[in-house]
Amino acid sequence: MQTRPLGNTDLQVTPMGLGLAALGRPGYINLGHGDDLAHEYDWKAMETHAHTVLDAAWDSGVRYFDAARSYGKAEAFLSSWLESRGCVDAVVGSKWGYTYTADWQLDAAAHEVKEHSLAVLNRQVKESTALLGPHLKLYQIHSATLESGVLENQEVLTRLAALKETGWCIGLSVSGVQQADVIRRALEIQAGGKLLFDIGQATWNVLECSAGMALQQAHDLGMGIIVKEGLANGRLTDRNTLSEFAEKRTLLMALADKHEMSIDAIALAAVLAQPWVDTVLSGAAQEKHLQANLTAMEVQLDQEDQSLLKLLAEAPEDYWSQRSALAWN
Ligand SMILES: NC(=O)c1ccc[n+]([C@@H]2O[C@H](COP(=O)([O-])OP(=O)(O)OC[C@H]3O[C@@H](n4cnc5c(N)ncnc54)[C@H](OP(=O)(O)O)[C@@H]3O)[C@@H](O)[C@H]2O)c1
């Protein structure tokens, strides 16, 4: 897989990366997460499983790996894998702002707690650095929103600028109906005469395309763009058998048959076809799904395919209310 620059940074990433949200902890909101892990939640077994998927990604050429402090032991699993395999040109990004609180339980009252304060930033910088050391190249605010006030918090912004001075790239991830507004606000923040935020990570998939124009604008200004949730947390895969999805599934199946691919590959090819995308994350916890996801790079969607895929878009409010209703499992 060819690498390419992540925006205006020196980081070289592949068009597809691997996200570790589902690999680092027993509980997650993806459809069928428990089945993915074969209900095997012993942390050593989960580490071995994560390493197997990381190996498969590496062998397929994937060079961007995405973690967060709140993804359970994701940073630790990534660290032990990097250590044992010596993968020196892997680009690793992580995130701060949520604290993992599930204590390895599936029925935790709170799986993660959000706090975008200077104290949490300083604590999590230490924790991430202790695990990932020099491999860590990108540190992102986890789910920045306008309401959290993090983009107006001068103490936090000054600290992020100082971290950037040390050589880290600084990013933010966004979620929810206001994704585009948050990205546009981030573009107004400067450090040393340049954009403070080198990278934006956002949700874009054929059901939720509303951030597209803001992401194009950000990319034009030099921000590197990482797309997450390209499969809508598993809703754009074979496993979505909900009756309300049947019509959309039929359309996706027709395109999948035409290209002799799986529907997830079609959905991810639609992301890769966006001119402003630098890397798209696979969120697969199973190797076979990762391999299916990676075949997206072989799909060339024509104009007619792209017009058909536009019919799948949902109103952002509907999309995000369904996203909020996904159960931890
Ligand atoms: N706010 C944030 O910053 C934020 C939020 C969400 C995600 N992220 C990042 O984005 C990454 C990806 O997000 P996501 O996990 O929501 O990803 P996603 O790619 O939208 O969905 C992943 C789900 O799709 C399933 N899947 C994939 N291919 C499949 C196939 N061929 N057949 C059946 N099921 C298939 C996976 O199942 P298996 O698990 O069985 O393989 C998994 O349950 C995360 O790992 C994380 O790094 C960031």
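Trainee: Over how many bridges do β5 and strand β8 (residues 136-141) pair?
Mentor: Heads-up: this is a predicted model, where local features need pLDDT of at least 70, side-chain atom pairs count only at pLDDT 80 or more, and totals for chains, interfaces and linings use all residues. Residues are numbered from 1 along each chain as its sequence is written. Strands (E, at least two residues) and helices (H or I, at least four) are DSSP runs numbered from the N terminus, and two strands pair if DSSP finds at least two bridges between them. β5 and β8 pair in the parallel sense, with V92 opposite L136, and the number of bridges is five.

Trainee: What do the eight strands close into?
Mentor: Follow the order β3-β4-β5-β8-β9-β12-β13-β14, with parallel pairing. Neighbouring strands of this sheet are turned by 30 degrees against each other on average, direction ignored, using lines fitted to C-alpha atoms (for helices over the stretch in contact) and angles from 0 to 180 degrees between N-to-C directions. Together, the eight strands close into a barrel.

Trainee: Which residue of β5 stands opposite Y64?
Mentor: Y64 belongs to β4 (residues 64-66), which runs parallel to β5 (residues 91-96) and is joined to β5 by three bridges. The residue opposite Y64 is V91.

Trainee: How many residues of β5 are buried?
Mentor: A residue is buried if 20 or more other C-beta atoms, placed from the backbone, lie within 10 Å of its own, exposed if 12 or fewer, and partly exposed in between. In a regular strand the side chains alternate between the two faces of the sheet. In β5, V91, G93 and K95 cover one side and V92, S94 and W96 the other. The number of buried residues is six of six.

Trainee: How far apart are the end C-alpha atoms of α3?
Mentor: The expected span is 1.5 Å times one less than the number of residues. α3 has 12 residues, so it should span 16 Å. The model agrees, with the ends apart by 16 Å.

Trainee: Which elements do the buried residues of α3 pack against?
Mentor: The buried residues of α3 include F77, L78 and W81. For packing, two residues are in contact if their C-beta atoms, placed from the backbone, lie within 7 Å. The partners are α2 (43-59), β4, β5 and α4 (118-132).

Trainee: Which residue of β14 stands opposite L18?
Mentor: L18 sits in strand β3 (residues 16-19) and is buried. On the β4 side, L18 stands opposite F65. Three bridges join β3 to the parallel strand β14 (residues 279-282), where the residue opposite L18 is S282.
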